[in-house]
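The sequence and the model are shown first.

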Amino acid sequence: MINFKLENLNIISVIKEHNQTINNTQISYNTHLPYHELIYHFSGNGNFVFDDTDFSFNAGKLIYLPKGSHKNYFANLLDSGECVDIFFDTKSTLCDNAFCFNLSENKAIEKTVSKLYNIWTKKETGYYNKTMSLFFEIISNLEIHNNTYLPYSKIEKLNPAIDYIHLHYTEHNFNYSILPTLCGIGYTYFKTLFRMRYGMLPSEYVKNLKIKHSCELLLTNKFTISQIAEKCGFSDIYYFSKVFKQTYGIPPSKWK
């Protein structure tokens, strides 16, 4: 699932599309997306094919599409409809896969998307900050939806892997392959559940733990940067410094 902690977020554009169908219209799109997209459907009915993902859409569905080059991207429109497409960019690492959120019971989202579009198109004084505020409101709703979407029985399946990660994350040769085995499920299903629960891949989760631990060690003033990189399981001081600066915007030597 999507990583909801977005850093250096910028909204690029917001457009409204009116799709008219004639005998089950198929629309092909450019397979290279320069920006991430959130598409909210107010009406209409059909299905998207995006890379290896095929999902239906109708009123209340919100679709996330990752930026980058993709194998295919087209839509089969069964009924005419209307949607708002929000193009955005961020320095945060988001999910590589498309996702569809069913928000048909969340009427507040529909109002928020409509308000965001209207403010963006009018472009009155202060419109950008107002638009950003509404966009974060949408992201907050998605995060809440995401955390309540996964049944506890499925969350529980991940517990052996999480326990193992927290015991061994500082090891240099961390064994990722053992994680799905510990949970008694296949790798693909494990990765899907993990993304849905934590909004990131296991490797990103481990990296975050390493960085948080490094912050604790830095505050002790007992170790050199090189020693901390070693204790946290980073391959070398240069990679550690690079990851630290990407995370916090400053090198570890400046951390206080």
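Which helix supplies the largest share of the lining of the second largest pocket? Helix α7 (residues 202-220) does, with 5 residues. The model is a predicted one, in which local features need pLDDT of at least 70, side-chain atom pairs count only at pLDDT 80 or more, and totals for chains, interfaces and linings use all residues. Residues are numbered from 1 along each chain as its sequence is written, and side-chain values use heavy atoms, with hydrogens and water left out.

**Pocket and cavity**

Rolling a probe the size of a water molecule over the atoms shows where empty space is left. On a 1 Å grid over the protein atoms alone, a cavity is a set of points where a 1.4 Å probe fits but cannot get out, while a pocket is an open set with protein on both sides within 12 Å along at least five of seven lines; lining residues have an atom within 4 Å of a point. Grid points are joined across faces, edges and corners, and the volume is the space filled by probe spheres set on them. Helices (H or I, at least four residues) and strands (E, at least two) are DSSP runs, numbered from the N terminus.

The second largest pocket has a volume of about 220 Å³. Its lining consists of 13 residues, and Y176, S203, K207, K210 and Y239 lie nearest its centre. By class, 5 of the lining residues are nonpolar, 4 polar and 4 charged. In this classification Ala, Val, Leu, Ile, Met, Phe, Trp, Tyr, Cys and Pro are nonpolar, Asp, Glu, Lys and Arg are charged, and the others, Gly among them, are polar.

The whole structure contains 1 cavity of 30 Å³ or more. The largest cavity has a volume of about 50 Å³. Its lining is made up of N19, H41, S43, G44, F57, L77, D79, G81, E82 and C83. Two or more of these residues come from each of β9 (73-79) and β10, and β10 gives the most, with 3 residues. The lining divides into 3 nonpolar, 5 polar and 2 charged residues.

**Salt bridges**

A salt bridge here is a side-chain nitrogen of Lys or Arg within 4 Å of a carboxyl oxygen of Asp or Glu. Side chains of opposite charge can pair when their charged atoms come close. The structure holds 2 salt bridges.

| Pair | N to O distance |
|---|---|
| K16 and E82 | 3.9 Å |
| K67 and D89 | 2.9 Å |

D89 lies in strand β10 and K67 in the loop between β7 (61-65) and β8 (68-69), and this pair links parts of the chain 22 residues apart. In the other bridge, K16 meets E82. Because K16 belongs to strand β1 (residues 10-19) and E82 to strand β10 (residues 81-89), that pair ties together parts 66 residues apart in sequence. E82 is also one of the residues lining the largest cavity.

For accessibility, buried means under 20% relative accessible area, exposed over 50%, and partly exposed in between (1.4 Å probe, protein chains only). K16 is partly exposed at 28%, E82 is partly exposed at 23%, and K67 is partly exposed at 36%.

Helix α7 has 19 residues and spans 28 Å from its first C-alpha to its last, close to the 27 Å expected at 1.5 Å a residue. The expected span is 1.5 Å times one less than the number of residues. Its buried residues include P202, E204, Y205, K210 and H213. What covers the buried residues of α7 includes α4 (159-168), α5 (178-183), α6 (187-198), α8 and α9 (237-248). K210 is also among the residues nearest the centre of the second largest pocket.

Just after α7, N221 takes a positive phi of about 60 degrees. N221 is in the loop between α7 and α8 (225-231), and is exposed at 70% relative accessibility. K123, which is not a glycine, has a positive phi of about 50 degrees. K123 is placed in the loop between α1 (107-122) and α2 (127-149) and is partly exposed, with a relative accessible area of 43%.

**N58**

N58 is in strand β6 (residues 53-58) and is partly exposed at 29% relative accessibility. Leaving aside neighbours within four places in sequence, N58 is in contact with H41, G44 and N45, where contact means heavy atoms within 4.5 Å. The C-alpha atoms of N58 and Q246 are separated by 38 Å, and the two residues are 188 residues apart along the chain.
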